[in-house]
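Hello,

Here is the structure for you to look through. My notes on what was found in it follow below.

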Number of protein chains: 2
Amino acid sequence: MQTALPKFDSVFSVDCVIFGFEEGVLKILLIERNEEPFKDWWALPGLFVAPDESIDEGAERILNELTGLSNIYMEQLYTFGDVDRHPEGRVITVAYYALIRLSGKNELHPHSRYARKAFWHPVNELPKLAFDHSLIFEKSLEKIRRRISYQPIAFELLPEKFTLTQLQNVYEAILSKKLDKRNFRKKMLNYGILKELDEKQRGVSYRAATLYKFDRRKYAKLFQKELSFMKE
Amino acid sequence: MQTALPKFDSVFSVDCVIFGFEEGVLKILLIERNEEPFKDWWALPGLFVAPDESIDEGAERILNELTGLSNIYMEQLYTFGDVDRHPEGRVITVAYYALIRLSGKNELHPHSRYARKAFWHPVNELPKLAFDHSLIFEKSLEKIRRRISYQPIAFELLPEKFTLTQLQNVYEAILSKKLDKRNFRKKMLNYGILKELDEKQRGVSYRAATLYKFDRRKYAKLFQKELSFMKE
DNA sequence: TAACTTAGTGTAGGAAATACACCTATATTC
DNA sequence: GAATATAGGTGTATTTCCTACACTAAGTTA
């Protein structure tokens with residue numbers, strides 16, 4: 001790093017892969033572009049970083065504009081900086097991924113400029129994406145696959161109270177493989193990071209399952225040891 | 001991402017944490033700054049990204065200018081973009097880390113502008129670093145600690161032919177803990193990614209150890225399963 | 001040839017991962 | 001209210017991996 005800052009018109013953007021889990025399916029939020037380049041293509045939501053905001057703040061701004069939510073689980077993924085990744089000039093983008101809780105209602109911020117353009121897409125049936133966004137998505141999926149096997153990020157995709165089957169479904173959707181029910185429960189309960197509630201699932205047309213909560217306190221205590229989830 | 005690219009003078013840099021392993025000690029390469037800001041401080045080697053080079057190319061340029069080497073194991077680490085991380089303006093930096101083989105001879109490129117300013121520092125006795133470089137270093141160390149436990153990056157720090165004790169020393173230095181010799185050897189040989197050579201260590205004043213090579217072919221075959229090294 | 005230094009080796013116990021199938025509870029339907 | 005349908009919930013035996021642990025072998029030097 002030298003002293004005099006060079007002047008050169010480089011542009012930063014932030015793009016965000018926003019994951020949600022709905023009806024047993026892992027989905028991401030895409031925007032339909034209505035401008036060139038890539039007009040009418042689907043793209044990851046993104047924006048240009050303002051001179052007075054940090055990159056993290058930029059990423060939070062995306063989420064807030066789209067969903068109205070803040071305090072979302074979010075993490076930087078990778079920075080994509082090929083010279084020709086944007087057809088109109090040099091744009092370096094810092095990619096983030098986020099995990100959000102879908103409640104089944106309308107999740108999009110009603111005042112957002114994106115409100116009519118953003119839709120959830122199952123990750124297994126994604127359209128072609130603008131720019132290098134398919135690559136960014138691939139990388140984000142690899143990242144959460146790896147991460148879910150040693151950190152409790154699955155809970156970020158579920159409501160506060162959830163059943164063990166729902167939890168297992170998140171693991172199966174992200175890892176895209178079936179897990180054994182008994183082993184899953186045994187392992188998960190053994191970690192001691194779930195709190196069993198005195199409460200059952202409601203509104204199902206079959207035997208209701210027990211609800212659980214993720215116990216952040218207990219997790220924090222165990223944090224040093226780092227869990228090793230779901231090797232099978 | 002919108003259409004019209006905004007004009008705003010943001011500056012990108014690349015900074016690189018370059019790891020080497022010498023005399024049983026893990027070291028990084030630091031530059032002594034002779035300019036403001038942070039004149040006379042130690043800093044990670046870095047440079048500004050040119051308009052016509054990708055970020056990866058920028059990182060390679062650092063390594064090449066410093067060491068004259070190319071084809072080095074290198075990976076993007078994280079992007080640091082706080083508004084005030086550089087006292088003279090907005091500079092976003094993409095950090096990389098690299099692992100290089102030290103042969104004990106002079107490792108610095110003789111024609112480099114850095115030739116007289118770069119020195120290896122043991123990671124356990126680092127000085128304070130300029131900018132947020134201490135933070136970058138911490139993050140790089142976390143990254144290689146995690147990575148070495150599931151990917152064979154230790155070999156990148158060793159000469160092509162090495163002894164099992166040398167290999168164990170790399171693991172111990174990165175994980176900063178002692179490992180059991182018998183268990184280490186058992187596990188390492190079991191993976192089947194080492195080729196035993198018909199050759200012994202030379203120039204030692206005690207019983208010479210067998211030399212091994214990392215067998216990239218065999219590793220590629222096993223790659224799917226992803227090894228899980230050194231949990232103990 | 002004695003002494004020093006590192007190389008190199010095996011086993012037993014415990015913990016964790018895996019494979020595997022049936023009964024139970026509740027809601028719905030007839 | 002009996003039958004049916006659906007998901008909930010549970011245990012054990014096997015294997016694999018991790019861990020702890022100490023001595024002999026080989027080569028070098030004095």
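**Helix packing in chain B**

In this predicted model, B:Ile144, B:Arg145 and B:Ile148 of helix H2(B) are in contact with B:Val170, B:Tyr171, B:Ile174 and B:Leu175 of helix H3(B). Sorted by class, that contact between H2(B) and H3(B) holds six nonpolar residues, one charged residue and no polar ones.

To find the two helices in chain B, look at residues 133-148 for H2 and residues 164-175 for H3. Two packed helices are described by the angle between their axes and the distance between the axes. Here the angle is about 135° and the axes are 9 Å apart. H2(B) and H3(B) are therefore oblique to each other, since angles over 145 degrees would be needed to count as roughly antiparallel. The crossing of H2(B) past H3(B) is left-handed.

H3(B) also packs on helix H4 of chain B, residues 181-191, where the axes come within 11 Å and cross at roughly 100°. That angle makes H3(B) roughly perpendicular to H4(B). On the H3(B) side the contact is made by B:Leu164, B:Thr165, B:Leu167, B:Gln168 and B:Tyr171, and on the H4(B) side by B:Lys181, B:Phe184, B:Arg185, B:Met188 and B:Leu189. By class, the contact of H3(B) with H4(B) has six nonpolar, two polar and two charged residues.

**Chain A**

Chain A has five helices and nine strands. Along the sequence they follow the pattern β-β-β-β-α-β-β-β-α-α-α-β-β-α. Of the 232 residues in chain A, 52% are buried. Among the contacts in chain A with a separation of 6 or more, 67% are between residues 24 or more positions apart.

Strand S5 of chain A, residues 73-80, is mostly covered, with six of its eight residues buried. How is S5(A) joined to strand S6 of chain A? Seven bridges link S5(A) to S6(A), residues 91-99, and the two strands run antiparallel.

A:Gln201 sits between strand S8 (194-200) and strand S9 (210-214) of chain A. Is A:Gln201 buried or exposed? A:Gln201 counts as buried because its relative accessibility is 17%, and buried means under 20%. Leaving aside residues up to four places away in sequence, A:Gln201 touches A:Thr163, A:Gln166, A:Arg207, A:Ala208, A:Ala209 and A:Leu211.

Regards

Technical notes. Residues numbered from 1 in each chain as written. Chains lettered and ligands numbered in written order. Predicted model: local features only at pLDDT ≥ 70, side-chain atom pairs only at ≥ 80, totals over all residues. Heavy atoms only, no water. Axes fitted to C-alpha atoms, helices over the stretch in contact; angles between N-to-C directions. Helix = DSSP H or I, 4+ residues; strand = E, 2+ residues; numbered from the N terminus. Parallel < 35°, antiparallel > 145°, perpendicular 65-115°, else oblique. Left-handed = near helix turned anticlockwise from the far one by under 90°. Contact = heavy atoms within 4.5 Å. Nonpolar A, V, L, I, M, F, W, Y, C, P; charged D, E, K, R; others polar. Buried < 20%, exposed > 50% of the residue type's maximum accessible area, 1.4 Å probe, protein only. Pairing = 2+ DSSP bridges.
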